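Subject: Structure for you to look at

Hello,

Here is the structure I promised, with its sequence. My notes on it follow below.

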Amino acid sequence: MREEILAYNKQFVANKEYEKYRAGKYPEKKLAILSCMDTRLTELLPAALGIKNGDAKIIKNAGAVVTHPFGSVVRSLLVAIVELGVEEVMVIGHTDCGVQHIDADLILGHLQQRGISMEQIEMLKYAGVDFEKWLCGFNTIRESVEDTVRTLREHPLIPKDVTITGYIMDTETGELYPVVE
Ligand SMILES: [Zn+2]
């Protein structure tokens, strides 16, 4: 697969296909989106929202969540807000999200099947890694989006004039349902 991608890339550049994607680093719509890494959203999410290259900062992870108030999601949002002119943040979860039914036991079990030893896991627990918190999923996507919006709205470093809202996207149709407005 990697060879195929690298070959495609050479062709893409040679054909100057990049020309239609030219854009600046400051988001035209002054918007940041926190969403899920789900493969079905890769093209659907920007297409369904009318977002083009240069329009928005899009931050993605498993589940569209903030796992830590001083982790990489909030760091990215702060840079987007303070340095790149973002005035609005949309948290967009989606239907049929793979993160919904995961938990630490499930993932740690699968890791052991992949050769990570129980001793290793126990050692990390002893060193203070809270797997329950770090690897937890969520009950419903609605609850998760509500939690994430609350965490961001109450965050001590996010300026109060930033608008933060939450939605669920239909993974099939791209329709956006408001959760927190
Ligand atoms: Zn997802």
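A residue counts as buried when its relative accessible area is under 20%, as exposed when that area is over 50%, and as partly exposed in between. By that rule, 34% of the 181 residues of the protein are buried. Please keep in mind that this is a predicted model.

**Overall**

The protein has seven helices and five strands. From the N terminus, the order of elements is α-β-α-β-α-β-α-α-α-α-β-β. The C-alpha trace spans about 50 × 45 × 35 Å along its principal axes. Take the contacts between residues at least 6 apart in sequence: 72% of them join residues at least 24 apart.

The protein exposes about 11,700 Å². Carbon and sulfur atoms supply 53% of that area. As for charge, there are 20 positive and 27 negative side chains. The centres of these two sets lie 8 Å apart.

**Helix H7**

Helix H7 covers residues 141–153. Does its length agree or disagree with what 1.5 Å a residue predicts? The 13 residues should span 18 Å, and the end C-alpha atoms are 18 Å apart, so the two agree.

Which residues of H7 are buried? They are Ile 141, Ser 144, Val 145, Thr 148, Val 149 and Leu 152. Seen down the helix axis, these buried residues fall within an arc of 130°, so they line one face of H7. The general rule behind such a pattern is simple: an α-helix has 3.6 residues a turn, so residues three or four places apart point the same way.

What do the buried residues of H7 pack against? Their partners include four strands by name: S1 (31–36), S3 (88–94), S4 (163–169) and S5 (176–180). Helix H3 (72–84) is a partner too.

**Asp 38**

Asp 38 sits in the loop between S1 and helix H2 (41–49). Its relative accessibility is 13%, so Asp 38 counts as buried. Setting aside neighbours within four places in sequence, Asp 38 is in contact with His 94 and Asp 96. His 94 is 56 residues from Asp 38 in sequence. In space, the two are 8.8 Å apart, C-alpha to C-alpha.

**Two positive phi angles**

Lys 16 is not a glycine, yet its phi is positive, at about 55°. Lys 16 is in the loop between helix H1 (2–14) and S1. Is Lys 16 buried or partly exposed? Its relative accessibility is 46%, so Lys 16 counts as partly exposed.

Ala 64 is another residue other than glycine with a positive phi, near 60°. Ala 64 lies in the loop between strand S2 (56–61) and H3. With a relative accessible area of 2%, Ala 64 is buried.

Ala 14 is in helix H1. Its relative accessible area is 57%, so Ala 14 is exposed. Ala 14 and Trp 134 are 120 residues apart in sequence. Their C-alpha atoms are 43 Å apart in space.

Glu 175 is in the loop between S4 and S5. With a relative accessible area of 43%, Glu 175 is partly exposed. Not counting residues up to four places away in sequence, Glu 175 touches Ile 168, Met 169 and Asp 170. Val 145 is 30 residues from Glu 175 along the chain, and their C-alpha atoms are separated by 16 Å.

**Where to start**

To view H7 first, display its buried residues, among them Val 145 and Leu 152.

Best wishes

Notes:
Residues numbered from 1 in each chain as written. Predicted model: local features only at pLDDT ≥ 70, side-chain atom pairs only at ≥ 80, totals over all residues. Heavy atoms only, no water. Expected span 1.5 Å × (residues − 1). Buried < 20%, exposed > 50% of the residue type's maximum accessible area, 1.4 Å probe, protein only. Arc of directions from axis to C-beta. Contact = heavy atoms within 4.5 Å. Areas by Shrake-Rupley, 256 points an atom, 1.4 Å probe, with all protein chains shown as cover. Lys, Arg positive; Asp, Glu negative; His and termini not counted. Charge placed at Lys NZ, Arg CZ, Asp CG, Glu CD.
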